[in-house]
Amino acid sequence: MVFARGGRNNAAMNDRRAPRILLGITGGIAAYKTPDLVRRLRERGAEVQVVMTVSARQFVAPLALQAVSGREVRESLWDPAAEAAMGHIELARWADLVLVAPATAEFMARLVHGRADDLLATLCLATAAPLHLAPAMNRLMWSNPATQANVASLRARGVALHGPASGEQACGETGEGRMLEPVELAEAVFAGVGLSRPLAGRKVVVSAGPTRERLDPVRFLTNRSSGKMGYAVAQAACEAGAEVVLVSGPVALPAPPGVTRVDVESARQMYEAVHAALRGADVYIGAAAVADYEPAQVAPEKIKKEAPTMTLELVKAPDILASVAALEPRPFVVGFAAETQRVEEHARAKLERKRLDMIAANRVGDGLAFDRDENALTVLWDGGREELMTAGKLDLARRLVALVAARMAAQSRPASNVVHVRR
Ligand code: CTP
């Protein structure tokens with residue numbers, strides 16, 4: 001289930017004020033790096049409000065953080081003076097992004113359960129801003145199944161995780177669990193949601209979900225697509241500043257905030273809706289699992305089981321992706337390839353055959369990808385590739401959207417110039 005995080009309009013980019021980062025610090029040894037992290041975030045133009053937990057105080061002095069952030073550090077829900085100046089709900093609204101660094105195993109466990117037992121946990125619960133975490137802990141605490149289950153559940157809600165990195169740890173052990181270095185972390189956060197809006201002013205059309213091809217009034221052919229990946233892509237494109245139209249087959253997901261959804265059933269309806277939505281569009285991302293074939297005839301009445309055997313005649317359904325790629329001029333076209341074997345080879349062939357600008361390939365079957373909250377993608381384009389390792393679908397979608405924006409910038413296509421010429 002993709003939760004609707006970060007759908008809030010990003011005022012920072014609309015009125016050109018500095019992006020506002022609420023930096024939560026929890027009680028891990030990596031907290032000693034946070035004054036540097038504050039400086040790195042501020043170097044990039046952010047306003048930073050620090051909120052510490054009680055245990056974070058054991059590792060870093062509030063005064064140091066106040067000095068580098070230029071703002072009074074918040075620590076308690078019960079501080080009348082601070083609450084009078086900016087109450088915790090106001091603070092939750094103030095933030096364009098919440099970054100918790102370091103995020104301890106204990107804090108992540110509290111987040112999973114939606115606890116509101118201190119100021120930072122309450123803010124994480126009360127904010128509509130995207131939530132980013134930089135986990136840091138002993139390698140065994142990180143690999144413990146309890147922590148890994150918490151990580152999976154947070155990712156599934158759309159929380160972005162940065163790191164941890166591998167290396168020597170403060171406890172003397174070596175392994176995965178180190179917090180990313182402040183420079184890397186600041187870069188990762190700015191490259192992610194909300195703070196850089198590489199698709200501002202662009203229109204993106206996304207297709208998602210399965211299609212249903214009717215056989216008679218009560219039966220249809222369909223597939224296992226849940227729509228989660230396409231919905232995550234639509235949300236990520238919206239966060240990146242684009243106007244987004246999501247053409248969706250029948251799924252059980254709410255539309256991400258700020259996205260215009262057009263509901264369809266069949267491949268033919270999806271074809272019509274996509275082409276209608278493409279007016280003025282700069283990007284088309286075909287994440288839908290569109291039927292390749294549709295019944296040659298739809299029976300007007302329920303088909304009765306009279307004959308001992310039955311043959312269905314199917315005809316090719318319109319290939320929406322190929323039809324969009326054949327428009328002249330055309331938007332930047334991204335396809336998805338779900339393959340059960342020789343993933344990269346088949347995907348590259350599809351990229352060339354359908355004349356796509358980019359293709360995102362994943363392995364399916366054996367419980368992979370379909371209806372899962374996590375996925376991994378190999379993204380290919382003419383002369384390039386990037387491996388997007390296993391992550392929550394929203395996290396992956398954000399990285400895919402960042403790649404699309406980067407490739408578009410490299411090609412420097414003119415914006416909003418789609419004319420309808422169907423082939
Ligand atoms: N697609 C589409 N219209 C169709 C079928 C597929 O737009 N009728 C798009 C999907 O949205 C996806 C991409 O094509 O982006 C890949 O679909 P797939 O069915 O795997 O590709 P095909 O070229 O049909 O190849 P295959 O022989 O593997 O089915």
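pLDDT is the predictor's confidence in each residue, from 0 to 100. Colour the chain by it to begin: the average is 89, and 91% of the residues score at least 70. This is a predicted model, in which local features need pLDDT of at least 70, side-chain atom pairs count only at pLDDT 80 or more, and totals for chains, interfaces and linings use all residues. Residues are numbered from 1 along each chain as its sequence is written, and side-chain values use heavy atoms, with hydrogens and water left out.

**Chain ends.** Select residues 1-11, where the pLDDT is below 50. Beyond near neighbours in sequence, this stretch has 43 contacts (heavy atoms within 4.5 Å) in the model. Then select 415-423: pLDDT stays under 50 here too, and the model has 28 contacts beyond four places in sequence for these residues. Where pLDDT is low, the predicted coordinates should not be read in detail.

**Domains.** Colour 20-193 as domain 1 and 198-419 as domain 2; the bounds come from an automatic or database domain assignment. Their centres, taken over C-alpha atoms, are 35 Å apart. At the contact between them, 7 residues of domain 1 meet 8 residues of domain 2.

**The sheet.** Show the open sheet of 8 strands, ordered β12-β11-β8-β13-β16-β17-β18-β19 with mixed pairing. Strands (E, at least two residues) and helices (H or I, at least four) are DSSP runs numbered from the N terminus, and two strands pair if DSSP finds at least two bridges between them. At the edges, β12 (260-263) and β19 (384-392) each pair on one side only. From one strand to the next the twist averages 20 degrees; axes are lines fitted to C-alpha atoms, for helices over the stretch in contact, and angles run from 0 to 180 degrees between N-to-C directions.

Zoom to β17 (358-363) and β18 (374-381), an antiparallel pair with 3 bridges. Alanine 361 has threonine 378 of β18 as its bridge partner.

Next select helix α15 (393-411), which packs on the sheet and touches β13, β16, β17, β18 and β19. The direction of α15 makes about 160 degrees with that of β19.

Finish at aspartate 282, in the loop between α12 (267-277) and β13. Aspartate 282 counts as buried because its relative accessibility is 4%. Its side chain reaches the backbone nitrogen of lysine 203 at 2.8 Å.

Technical notes: Buried < 20%, exposed > 50% of the residue type's maximum accessible area, 1.4 Å probe, protein only. Polar contact = N/O pair within 3.5 Å; in protein donor to acceptor, adjacent residues only side chain to side chain.
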